[in-house]
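Student: Please show me the model, and then we can go through its geometry in questions and answers.

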Amino acid sequence: MAEAPDSRTESICVGCGLCCDGTVVTHLAVSDESDLGLPLRGLGVELIYEADPPVFALPCPAVAAGECTIYGLHRPHACHVYECALSSSVLNGERSQVEARSIIAEVLDARSRSGSDPGAERRVADLVAEYFLA
Ligand code: SF4
Ligand code: SF4
């Protein structure tokens, strides 16, 4: 998930944040309030206990410009371990960082037009299904 700026040369996640802003996944699971943690609770995040395990809804209020603004503070365990298929494909050598960043840029571009363009909205959904959830 969205990483700190000092990871910029190493991770495609910096400047992406599509898993934090609700584009790739809609909720993240946590074990309890302590796992959610004070920083997110301070930002007004509430747990949905109807789910088992409990979840919180995305977009996360801590993501800004594709980066996690509480990266050095307590974050839920899910934030540490979540890895989308695109990130996995880079880490296992199937895809270059350049190619992955280009896919992320295409999603961000389509998403910026999706409010007024149903075709762009479908393009976001297609790209997410093809590259991030596969
Ligand atoms: S590359 Fe994947 S794991 Fe990394 S921030 Fe983007 S959506 Fe999240
Ligand atoms: S706490 Fe940070 S890493 Fe976790 S969902 Fe929010 S922005 Fe993403």
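This is a predicted model: local features need pLDDT of at least 70, side-chain atom pairs count only at pLDDT 80 or more; totals for chains, interfaces and linings use all residues.

Tutor: Residues are numbered from 1 along each chain as its sequence is written, and chains are lettered from A and ligands numbered from 1 in the order in which they are written.

Student: In what order do the elements of the protein chain run from the N terminus on?
Tutor: Helices (H or I, at least four residues) and strands (E, at least two) are DSSP runs, numbered from the N terminus. The protein chain has six helices and four strands. Their order is β-α-α-β-β-β-α-α-α-α.

Student: What is the radius of gyration of the protein chain?
Tutor: The radius is taken over C-alpha atoms, and the globule rule is 2.2 Å times the number of residues to the power 0.38. For 134 residues the rule gives 14 Å, and the chain comes close to that, so it is as compact as a globular protein of that length; its radius of gyration is 15 Å.

Student: How are α5 and α6 oriented to each other?
Tutor: Axes are lines fitted to C-alpha atoms, for helices over the stretch in contact, and angles run from 0 to 180 degrees between N-to-C directions. Helix α5 (residues 97-113) and helix α6 (residues 118-132) pack with their axes 8 Å apart, at about 150 degrees. Angles under 35 degrees count as roughly parallel, over 145 as roughly antiparallel, 65 to 115 as roughly perpendicular and the rest as oblique. The two helices are therefore roughly antiparallel.

Student: Which residue joins Asp-52 through a cis peptide bond?
Tutor: Most peptide bonds are trans. Here omega is about 5 degrees.

Student: Which residue joins Leu-58 through a cis peptide bond?
Tutor: Omega of this bond is about 10 degrees.

Student: How many charged residues does the shell around ligand 2 have?
Tutor: A residue is near a molecule or strand if its C-beta atom, placed from the backbone, lies within 6 Å of it. The residues around ligand 2 include Cys-20, Cys-60, Cys-68, Arg-75 and Cys-79. Ala, Val, Leu, Ile, Met, Phe, Trp, Tyr, Cys and Pro count as nonpolar, Asp, Glu, Lys and Arg as charged, and the others, Gly among them, as polar. By class, the shell has 11 nonpolar residues, no polar ones, and, as charged, one.
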